[in-house]
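Please view the sequence and the model together, then read the points below.

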Amino acid sequence: MLELHVQPGARRDEIVGAHGERLKLKLASPAVDGKANRHLMKWLATLFDVPTGQVQLLRGTTGRMKTVLIEGATELPPALTRSPG
């Protein structure tokens, strides 16, 4: 499971780094009509190399604090293991 702090409406998709106990991500999608959540699920599926259907938003559909489950992921993608910047 991933505990995330998501900031929609950014210039580009970006992994920012630690934000308290959560991982902060910026999304290049507006927080309108669930667009940011759909974009987040697709982006995470790409990062973890799993089908989109294996990424589930468990908590946080309307807020920035989100809990996501990624089924079938066997390891962290390189983008999450290296330091930002």
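His5 touches His19, Arg22, Leu23, Lys24, Leu25, Arg64 and Met65, where residues up to four places away in sequence are not counted and contact means heavy atoms within 4.5 Å. The model is a predicted one, in which local features need pLDDT of at least 70, side-chain atom pairs count only at pLDDT 80 or more, and totals for chains, interfaces and linings use all residues. Residues are numbered from 1 along each chain as its sequence is written, and side-chain values use heavy atoms, with hydrogens and water left out.

**His5 and its strand**

- His5 is found in strand E1; helices (H or I, at least four residues) and strands (E, at least two) are DSSP runs, numbered from the N terminus.
- His5 counts as buried because its relative accessibility is 10%; buried means under 20% relative accessible area, exposed over 50%, and partly exposed in between, with a 1.4 Å probe and protein chains only.

**Strand pairing**

- Strand E1 (residues 2-7) pairs with strand E3 (residues 22-26) in the parallel sense over 4 bridges; two strands pair if DSSP finds at least two bridges between them.
- Leu4 has Leu23 in E3 as its bridge partner, and Ala18 also stands opposite Leu23.
- Strand E2 (residues 14-19) runs antiparallel to E3, with 5 bridges between the two.
- Ile15 has Leu25 in E3 as its bridge partner.
- The hairpin of E2 and E3 has 2 residues between the strands, and Gly20 takes a positive phi near 70 degrees there.
- Strand E4 (residues 55-59) and E5 form an antiparallel pair over 4 bridges, in which Val55 is partnered by Ile70 of E5.
- The hairpin of E4 and E5 has 5 residues between its strands, and Gly60 in the turn has a positive phi of about 100 degrees.

**Nonpolar core**

- The largest nonpolar core has 19 residues, of which Leu4, Leu25, Leu40, Leu44, Val55, Val68 and Ile70 touch the most other members; such a core is a set of buried Ala, Val, Leu, Ile, Met, Phe, Trp, Tyr and Cys residues joined through side-chain atoms within 4.5 Å.
- At least two residues of this core come from each of E1, E3, helix H1 (35-48) and E5.
- H1 gives the most to this core, with 7 residues.
- Ile70 touches Leu2, Leu44, Phe48, Val50, Gln54 and Val55, leaving aside residues up to four places away in sequence.
- In soluble globular proteins, nonpolar side chains tend to be buried together.

**Salt bridges**

- The structure holds 2 salt bridges; a salt bridge is a side-chain nitrogen of Lys or Arg within 4 Å of a carboxyl oxygen of Asp or Glu.
- One joins Glu3 and Arg22, whose closest N and O atoms are 3.1 Å apart.
- This pair links distant parts of the chain, with Glu3 in strand E1 and Arg22 in strand E3, 19 residues apart.
- Glu3 counts as partly exposed because its relative accessibility is 30%, and Arg22 is partly exposed with a relative accessible area of 23%.
- Arg12 and Glu14 also meet in a salt bridge through their side chains (3.8 Å, N to O).
- Arg12 counts as exposed at 54% relative accessibility, whereas Glu14 counts as partly exposed at 26%.

**Lys66, a buried charge**

- Lys66 lies in strand E5 (residues 65-70).
- Lys66 is buried yet has no salt bridge, and Glu3, the nearest side chain of opposite charge, is 11 Å away; Lys and Arg count as positive and Asp and Glu as negative, while His and the chain ends are not counted.
- A polar atom of the Lys66 side chain lies 2.5 Å from the backbone oxygen of Gly60.
- The residues that Lys66 touches include Leu2, Glu3, Arg22, Asn37, Leu57 and Gly60, not counting residues up to four places away in sequence.

- Val32 lies in the loop between E3 and H1.
- Val32 counts as partly exposed because its relative accessibility is 40%.
- Val32 and Pro8 are 24 residues apart in sequence, and their C-alpha atoms are 9.5 Å apart in space.

Conventions
A polar contact is a pair of N or O atoms within 3.5 Å; within protein, one must be able to donate a hydrogen and the other to accept it, and residues adjacent in sequence count only if both atoms are side-chain atoms.
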